[in-house]
Amino acid sequence: MAGPDAAELDRARGLLAGADTICVLTGAGVSAESGVPTFRGESGLWKSHSPEDLATPHAFRRDPRLVWEWYEWRRETIRACRPNAGHGALARLALGSRRVRIVTQNVDGLHEEAARKVAGAGDPSPALPLELHGSIFRVRCTSCSYRVSHRHPLRTETPEDLPRCPLCSALLRPDVVWFGESLDPEILSEAFRVAREADLCLVAGTSALVQPAASVPLATLDAGGVVVEVNPTETPLTRLARISLRGPSGEILPGLLDGLETPGT
Ligand code: OAD
């Protein structure tokens, strides 16, 4: 696939260099080059799996074993994946001098892994993302408020194998947002605050079809900022973006972001 031409890339770098405050919105596409399947498109998860059977509260009530089996398969796939050059470039940007916040729809933890890698012995927190849809490596209780990080493999062969809450013995579930569920209101309002205050929203690897995440860049636009998009294909956001760079984020983001001058210098 032909990438963006040099002039277009330069124009986008100019916009980024002039922005004091940047909101980054990412979706499954930024992890595609790491080997994490996306949801839509030819080889997307929703092509061969039905969201209604696997990613709703109703599906979990009906057959928790089936839902856990699918999540454990995804967890296994993702555990074997490492951040790619795009995650690295975003982490370097957020750990630099600029005011940058990463907002992600991804549950794979790869932004965090990149942030820790880039920060080394330093503080990774400026590059830790706001996770709109939760984390596949966290579990929470279906009954009480218990919630904990959980990366280890789980057994899902029989209903008796499924993980249970150490406090109240109810079933544990993946701490991700399912269809028909609300997003965490604090994370959501923080994401929209970041977007409203940003001069620029950089949107990478999302089909921009799932609400409310798809409205995050609209908050930047409404407040007078601009949108720059990175995606191999057109999305509903493309016509609203000042620049839309066509190509894979792992190839485009390092060239777009590395070595940007600090605003005001
Ligand atoms: P989608 O699978 O809907 O869209 C992935 C996007 O990434 C598409 O626009 C692709 O063109 C683009 N893409 C593919 N490869 C890429 C690459 N190498 N570099 C950059 N972009 C690439 O994923 P999301 O938009 O993240 O929600 O989906 C949003 C939500 O829908 C997910 O968080 C999930 C899903 O249902 C929940 O599970 C709640």
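The following conversation discusses a predicted model of a protein.

Biologist: Which domains does the domain assignment give?

Modeller: The assignment gives domain 1, made of 1-36 + 83-133 + 183-265, and domain 2, made of 37-80 + 135-176. This is a predicted model.

Biologist: What separation do the centres of the two domains have?

Modeller: The centres of domain 1 and domain 2, taken over C-alpha atoms, are separated by 27 Å.

Biologist: And how many residues of each domain are in contact with the other?

Modeller: In domain 1, 12 residues are in contact with 13 residues of domain 2.

Biologist: Let us turn to strand β7. Is it mostly covered or uncovered?

Modeller: Strand β7 spans residues 200-204 and is mostly covered, with 5 of its 5 residues buried. Leu200, Leu202 and Ala204 point one way from the strand, while Cys201 and Val203 point the other way.

Biologist: Which strands pair with β7?

Modeller: Strand β1, residues 21-26, pairs with β7 in the parallel sense over 5 bridges. In that pairing, leucine 25 stands opposite valine 203 of β7. Strand β8, residues 226-230, also runs parallel to β7 and is joined to it by 5 bridges. Here leucine 202 stands opposite valine 228 of β8.

Biologist: Through which helix does the chain cross from β7 to β8?

Modeller: The chain passes through helix α10, residues 216-222, and this β-α-β crossover is right-handed.

Biologist: Which residues have the most contacts inside the largest nonpolar core?

Modeller: They are Leu200, Leu202, Val230, Leu253, Leu256 and Leu257, in a core of 29 residues. Helix α7, residues 85-95, gives the most to this core, with 5 residues.

Biologist: What does leucine 253 touch, beyond residues up to four places away in sequence?

Modeller: Leucine 253 touches Gly86, Ala89, Leu90, Leu202, Ala204, Val230 and Asp258. Another core lies apart from the largest one; it has 27 residues, among them Leu54, Val107, Phe137 and Leu172.

Biologist: A new topic: where does threonine 235 lie?

Modeller: Threonine 235 lies in the loop between β8 and β9, the latter being residues 243-245.

Biologist: Why does threonine 235 count as buried?

Modeller: Threonine 235 counts as buried because its relative accessible area is 9%, and buried means under 20%.

Biologist: Which side chain makes a polar contact with that of threonine 235?

Modeller: The side chain of glutamate 229 does, with a polar contact of 2.6 Å. Leaving aside neighbours within four places in sequence, threonine 235 is in contact with Thr206, Ser207, Ala208 and Glu229.

Notes
Residues are numbered from 1 along each chain as its sequence is written. This is a predicted model: local features need pLDDT of at least 70, side-chain atom pairs count only at pLDDT 80 or more; totals for chains, interfaces and linings use all residues. Side-chain values use heavy atoms; hydrogens and water are left out. Buried means under 20% relative accessible area, exposed over 50%, partly exposed in between (1.4 Å probe, protein chains only). Helices (H or I, at least four residues) and strands (E, at least two) are DSSP runs, numbered from the N terminus. Two strands pair if DSSP finds at least two bridges between them. A crossover is right-handed if, with the strands pointing away from the viewer, the path from the first strand over the helix to the second runs clockwise. A polar contact is a pair of N or O atoms within 3.5 Å; within protein, one must be able to donate a hydrogen and the other to accept it, and residues adjacent in sequence count only if both atoms are side-chain atoms. Contact means heavy atoms within 4.5 Å. A nonpolar core is a set of buried Ala, Val, Leu, Ile, Met, Phe, Trp, Tyr and Cys residues joined through side-chain atoms within 4.5 Å. Domain bounds come from an automatic or database domain assignment.
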